[in-house]
Amino acid sequence: MSRVLVPCHVKGSVALQVGDVRTSQGRPGVLVIDVTFPSVAPFELQEITFKNYYTAFLSIRVRQYTSAHTPAKWVTCLRDYCLMPDPHSEEGAQEYVSLFKYQSPSVTFPKWLSHPVPCEQPALLREGLPDPSRVSSEVQQMWALTEMIRASHTSARIGRFDVDGCYDLNLLSYT
Amino acid sequence: MLQEESDLSLIIAQIVQKLKGSNLYSQLERQAWASLQRPEIKLESLKEDIKEFFKISGWEKKLQNAVYSELSVFPLPSHPAAPPEHLKEPLVYMRKAQGSWEKRILKSLNSMCTELSIPLARKRPVGEQKELLNKWNEMGTDEPDLSLFRPVYAPKDFLEVLINLRNPNYENGDSLSFRTHLGLIQVPLKVKDIPELKECFVELGLNIGQLGIDDSTQVPPELFENEHVRIGQKVLAQQDSAAAQQYIRQGSPTALRAELWALILNISSQPEDVLYYEQLKTNVIQHDLLVDSLIYKDVKLTASNDDYYFVFEDYLYQVLLCFSRDTSVLSHFAFNSASPPKSYIRGKLGLEEYAVFYPPNGKIAPLCFLYHEPSKLYQIFREMYVRFFFRLHSISSHPSGIVSLCLLFETLLQTYLPQLFYHLREIGAQPLRISFKWMVRAFSGYLATDQLLLLWDRILGYNSLEILAVLAAAVFAFRAVNLMEVTSLAAAEAVLADLSTLKVMPLLQIFLFATVT
């Protein structure tokens with residue numbers, strides 16, 4: 001399966017702002033970038049790659065033409081995808097990002113962004129389903145622990161704890 | 001899910017690539033060939049039998065250690081579209097700042113050459129070579145005239161560059177507002193706060209035994225120390241790097257420290273390593289670099305006057321002179337934004353490059369307490385430099401870089417000692433101006449040696465330099481009462497001038513885990 005770059009035209013960003021752009025003092029927090037595809041032939045979009053420059057959250061909307069009779073619809077493929085975990089600091093500010101089509105939720109998938117191609121399907125069940133009795137006993141242990149903590153009314157932080165029967169807590173020991 | 005898998009295969013591919021060129025690879029190959037003669041290796045199950053043999057003979061452990069070492073040092077794989085300079089440093093304005101800083105150093109070196117009419121590098125005449133070889137072990141006894149040489153830069157100059165770093169996309173304004181930072185560093189890097197530091201340094205907690213606290217004379221050794229030493233010996237017997245790194249977070253017993261550090265840094269003294277050192281020594285004998293005189297002057301001024309380190313003066317020359325010629329160090333700068341200025345030997349055919357970068361003197365001296373054999377000392381120093389200490393001299397956004405450490409220090413002080421911070425600012429004594437020199441030298445030369453080694457144990461254990469910033473803040477917290485009474489920068493510096501009596505582990509523990517916030 002070969003992949004090719006699709007020629008696209010990226011328009012300049014437009015600020016979403018209420019009121020007169022020239023007179024208002026504030027800086028808009030939301031910008032919209034239009035991307036159009038000049039080529040007419042339909043294609044399957046696999047990946048969008050770009051370099052970030054201080055954008056914190058990204059939403060992608062797609063205008064989809066289904067057939068000649070129904071009007072084109074705008075569909076949201078991605079909403080508020082986080083690019084910068086802390087917008088006030090530099091994390092992720094200038095990173096290169098790739099968005100793959102399987103990241104879009106299947107609920108609002110337009111027709112041409114349909115189910116992932118078989119070879120891309122993530123193998124979730126490789127190890128098989130976990131043993132239900134083991135899961136329930138672990139959940140029970142954790143429940144018992146939270147009950148004990150709730151009963152002792154402390155505000156100390158628990159931190160991490162392991163679920164193999166050995167706990168590393170300041171107040172409780174469980175062997 | 002798919003992204004993580006492809007990231008993992010990329011990391012694996014890169015590490016395999018790196019290890020293929022190493023000594024360990026050829027050793028493993030040789031061992032595999034030699035093992036074919038063993039009776040338990042059968043042709044039909046060749047692969048499994050050889051793997052089993054490696055496991056039993058300890059070679060698998062060596063490979064594990066090598067992989068672990070690479071993982072600690074390797075940066076995370078980045079996006080395929082990202083260019084190599086992005087891997088070194090993702091922020092463009094930081095790269096630019098580092099580039100200008102390097103140019104400045106180079107310019108300074110070059111102008112020193114022209115002023116003093118000394119070439120950057122020259123080949124020594126044979127007579128001079130013989131002479132140097134004879135007194136290789138006692139270079140400290142020399143008294144050449146170095147009065148014309150001046151240092152290339154002082155920590156103060158570097159601090160000024162860091163203070164002037166600005167993110168062009170960050171609306172700061174020069175006038176004081178709620179958006180400007182109150183400290184000296186103005187770039188918005190992400191730094192940890194105390195709850196995050198507590199999670200990160202969980203083994204320094206109050207209920208966990210520490211060397212530096214629980215091995216003091218009042219505490220009976222049966223409570224912690226004996227058991228800790230026993231575990232340390234076991235870790236060394238297992239020769240497991242990852243276990244050693246975890247173990248050393250609680251400190252290393254003095255007797256085991258040299259071996260533990262070597263294990264964590266994955267340094268084994270092979271004959272090839274000794275040979276490499278000898279080769280570097282030959283380079284020193286044959287060529288004289290301008291930077292040698294700078295090194296000489298620097299060592300003479302600092303180490304020879306230091307009460308603890310003057311005995312190691314000769315070692316320092318041997319290590320530093322070789323280090324400034326070690327081009328293998330350059331490969332580690334592939335993932336550091338710094339590219340050290342290089343100089344070409346005039347008159348030599350071909351392209352022999354000798355790295356010429358300003359040597360980090362202060363950080364070798366403490367190592368001399370641990371390692372007495374020059375080539376081992378050299379290897380340990382080099383590995384510590386390329387893993388940690390180079391980040392103290394270059395401008396980057398890395399969490400262990402000096403910019404992040406400065407910001408972490410200032411943020412901790414502002415958040416948890418706001419009165420002290422405000423007071424010091426008001427009297428014109430910005431706290432970073434005092435603590436910068438401690439952090440940039442990793443506290444070497446300021447703490448007592450045993451305390452310094454306990455601190456460096458934790459640097460190795462946590463694979464991060466953030467503890468330097470935490471300690472700096474803890475020192476200010478400790479002397480807060482005195483500092484609140486001073487009224488000038490000079491007086492503040494006097495309060496903090498002598499750190500030689502401080503015990504670092506109690507300070508760190510109290511600041512992180514026992515301060516009421």
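Reader: Is B:Arg124 buried or exposed?
Author: This is a predicted model. In it, B:Arg124 is buried, at 10% relative accessibility. The cut-off for buried is under 20%.

Reader: Which residue forms a salt bridge with B:Arg124?
Author: B:Glu128 does. The closest N and O atoms are 3.3 Å apart. B:Glu128 is partly exposed, with a relative accessible area of 26%.

Reader: How many salt bridges over all chains?
Author: The count is 10. One of them joins B:Lys18 and B:Glu70, with the closest N and O atoms 3.2 Å apart.

Reader: Where do B:Lys18 and B:Glu70 sit?
Author: In distant parts of the chain, 52 residues apart. B:Lys18 is in helix H1 of chain B, and B:Glu70 is in helix H4 of chain B. B:Lys18 is partly exposed at 40%, while B:Glu70 is buried at 13%.

Reader: And what about B:Arg387 and B:Glu383?
Author: They form a salt bridge too, with the closest N and O atoms 3.2 Å apart. Both lie in helix H17 of chain B, four residues apart, about one turn of the helix. B:Arg387 is buried at 8%, and B:Glu383 is buried at 15%.

Reader: New topic. How do helices H7 and H13 of chain B cross?
Author: At roughly 130°, with their axes coming within 8 Å. H7(B) and H13(B) are therefore oblique to each other.

Reader: Which residues of H7(B) meet H13(B)?
Author: B:Gln129, B:Leu132 and B:Leu133. Their partners in H13(B) are B:Lys281, B:Val284, B:Ile285 and B:Gln286. The contact has four nonpolar residues, two polar and one charged.

Notes: Residues are numbered from 1 along each chain as its sequence is written. Chains are lettered from A and ligands numbered from 1 in the order in which they are written. This is a predicted model: local features need pLDDT of at least 70, side-chain atom pairs count only at pLDDT 80 or more; totals for chains, interfaces and linings use all residues. Side-chain values use heavy atoms; hydrogens and water are left out. Axes are lines fitted to C-alpha atoms, for helices over the stretch in contact, and angles run from 0 to 180 degrees between N-to-C directions. Helices (H or I, at least four residues) and strands (E, at least two) are DSSP runs, numbered from the N terminus. Angles under 35 degrees count as roughly parallel, over 145 as roughly antiparallel, 65 to 115 as roughly perpendicular and the rest as oblique. Contact means heavy atoms within 4.5 Å. Ala, Val, Leu, Ile, Met, Phe, Trp, Tyr, Cys and Pro count as nonpolar, Asp, Glu, Lys and Arg as charged, and the others, Gly among them, as polar. A salt bridge is a side-chain nitrogen of Lys or Arg within 4 Å of a carboxyl oxygen of Asp or Glu. Buried means under 20% relative accessible area, exposed over 50%, partly exposed in between (1.4 Å probe, protein chains only).
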